[in-house]
Amino acid sequence: MSDFAATLQRGEVVAFPTETVYGLGADATNSDAVLKIYETKGRPRFNPLIVHVTDVAMARRHVSFSPLAETLARFWPGPLTLVLPRLPEAGLSDIVTAGLDTVGVRVPNHPLALELIGAAGVPLAAPSANPSGKLSPTTAEQVRRAFGGRVPVLDGGPCMAGVESTILAVEGGTVTQLRAGALAREEIERAIGQPVTVAAEGAAVASPGMLASHYAPNAALRLNARAAEPGEAYLGFGPGEATLNLSAEGDLHEAARNLFAMLHELDTRATRIAVAPIPRAGLGEAINDRLKRAAAPRG
């Protein structure tokens, strides 16, 4: 762990595990280090980054919490990112926020991630550890393959959630979901006792995961397919024949956990992938969001 922490303190990037997907981290207070994230990923500079911290106390040193944000922070550590007003005196690099006066922050629910942030002694800016727009990695080996071994990887085993964090913007007494993720919107609404609005299609990029084409395999995707056509691999859900099945039992948690790993696997086998319909309730909202962006036309 000390070697990885020292690498971060030198202004270099490190891939590390979280409960959602592997992240590509760098010191969020060091602009040169943050630039290396963008350069390594080939990421557009207008696409902001999430800042990972060890706990709420560390988050308070960088962002301003409203009472509603304090309530939502009870989900930490966990797969929830809160977009909150940044504190100008906090020292976060402007490159992290892509020029915005807000920043997304979260406490990951993975012991190695928390240990790494604590050992480095700085907040870590960390998008998913993949080339920009490609499939997010849920294992260390996927990260190594994606970057040809050029990025040191802290191996924490397979990620348990399998899709990225849910991102919420908190403004006054309102909450807007900018990205569906591993924490279902219904669960958030029950916790705060009010509805969560969903950002409009085509809204300005205010957080990661809002680009129309994102999380994409090399293969072409066809969604809501009841069966494969000739030449297609079939990614199933529920009972039935499939090349791979997200969850034969129709379990959305299992499907979310398997989504990126199975797309990675099918991407090595086929140039076209058909995907079974996925219910939109609960975690199905996040799964369908990722699939829609993965299937979108690529610029």
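## A proline in a loop

P77 sits in the loop that runs between α4 (67-72) and β4 (80-85); helices (H or I, at least four residues) and strands (E, at least two) are DSSP runs, numbered from the N terminus. The peptide bond leading from W76 into P77 is cis, and its omega is near -10°. For background, most peptide bonds are trans, and most residues other than glycine have a negative phi.

Before going on, a word on the ground rules: this is a predicted model, in which local features need pLDDT of at least 70 and side-chain atom pairs count only at pLDDT 80 or more, while totals for chains, interfaces and linings use all residues. Residues are numbered from 1 along each chain as its sequence is written, and side-chain values use heavy atoms, with hydrogens and water left out.

## The cores

W76 also belongs to the residues with the most contacts inside the largest nonpolar core, together with F65, L72, L80, L82 and I188. That core has 60 residues. A nonpolar core here is a set of buried Ala, Val, Leu, Ile, Met, Phe, Trp, Tyr and Cys residues joined through side-chain atoms within 4.5 Å. Buried means under 20% relative accessible area, exposed means over 50%, and partly exposed is in between (1.4 Å probe, protein chains only).

Not counting residues up to four places away in sequence, W76 touches V56, A59, F65, L82, V105, R106 and V107, where contact means heavy atoms within 4.5 Å. Another core lies apart from the largest one and has 32 residues, including V21, Y234, F237 and A270.

## The overall fold

Stepping back, the protein has 10 helices and 13 strands. Its radius of gyration, taken over C-alpha atoms, is 18 Å, close to the 19 Å that the globule rule gives for 299 residues, so the protein is as compact as a globular protein of that length. The rule itself is 2.2 Å times the number of residues to the power 0.38. The C-alpha trace spans about 60 × 45 × 35 Å along its principal axes.

Of the 299 residues, 56% count as buried. Among contacts between residues at least 6 apart in sequence, 66% join residues at least 24 apart.

## A strand residue and its partners

Strand β8 (residues 174-179) holds T176, which counts as buried at 19% relative accessibility. Leaving aside neighbours within four places in sequence, T176 is in contact with I167, L168, A169, V196, T197, V198 and A199.

Q9 is found in helix α1 (residues 2-9), and beyond its neighbours within four places in sequence, Q9 is in contact with A119 and A120.

## Towards the outside

D32, in helix α2 (residues 31-41), is exposed, with a relative accessible area of 55%. D32 and G240 are 208 residues apart in sequence and, C-alpha to C-alpha, 51 Å apart in space.
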